[in-house]
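Q: Could you take a close look at one part of this model with me, the salt bridges, and say how they are placed?

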Amino acid sequence: MPIRMSARLAGVFILLVDDDPDARELLEYALSEAGGTVVTASTAAEALERFKASSPSIVVTDVAMPSLDGVWLCEQIRALPGGHQ
């Protein structure tokens, strides 16, 4: 019996980070349709604050953002107490 697409991400809390509003909207739609609960951010700094406030299950980030990028965000998350990987 095939798994419905809407159930694949059920219960997964996702932080989505992208500076491009169209890409962010498209990805948010796709992840939500797959059953994920999605919160978005348009900058790495905003995403770090949202991460600290909500502890998502997964972070999906654009790597090449202006100013602080996705690599910076990942480094900051890994440096948080608890050693998120």
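A: Happy to. First, a definition for the strands that come up along the way: two strands pair if DSSP finds at least two bridges between them. In this predicted model, strand β1 (residues 13-17) and strand β2 (residues 37-41) run parallel and are joined by five bridges. L16, for instance, has T40 in β2 as its bridge partner.

Now to the charged side chains. Side chains of opposite charge can pair when their charged atoms come close. A salt bridge here takes a Lys or Arg side-chain nitrogen within 4 Å of a carboxyl oxygen of Asp or Glu, and by this rule the count comes to two.

One of them links the side chains of R50 and E46, at 2.9 Å from N to O. These residues sit four apart in helix α2 (residues 44-54), so about one helical turn separates them. R50 is partly exposed at 32% relative accessibility, and E46 is likewise partly exposed, with a relative accessible area of 26%.

The other salt bridge joins the side chains of K52 and E49, with an N to O distance of 3.8 Å, which is within the 4 Å cut-off. K52 and E49 are three residues apart in helix α2, so they too are separated by about one helical turn. K52 counts as partly exposed at 48% relative accessibility, while E49 is partly exposed with a relative accessible area of 47%.

Definitions and conventions
Residues are numbered from 1 along each chain as its sequence is written. This is a predicted model: local features need pLDDT of at least 70, side-chain atom pairs count only at pLDDT 80 or more; totals for chains, interfaces and linings use all residues. Side-chain values use heavy atoms; hydrogens and water are left out. Helices (H or I, at least four residues) and strands (E, at least two) are DSSP runs, numbered from the N terminus. Buried means under 20% relative accessible area, exposed over 50%, partly exposed in between (1.4 Å probe, protein chains only).
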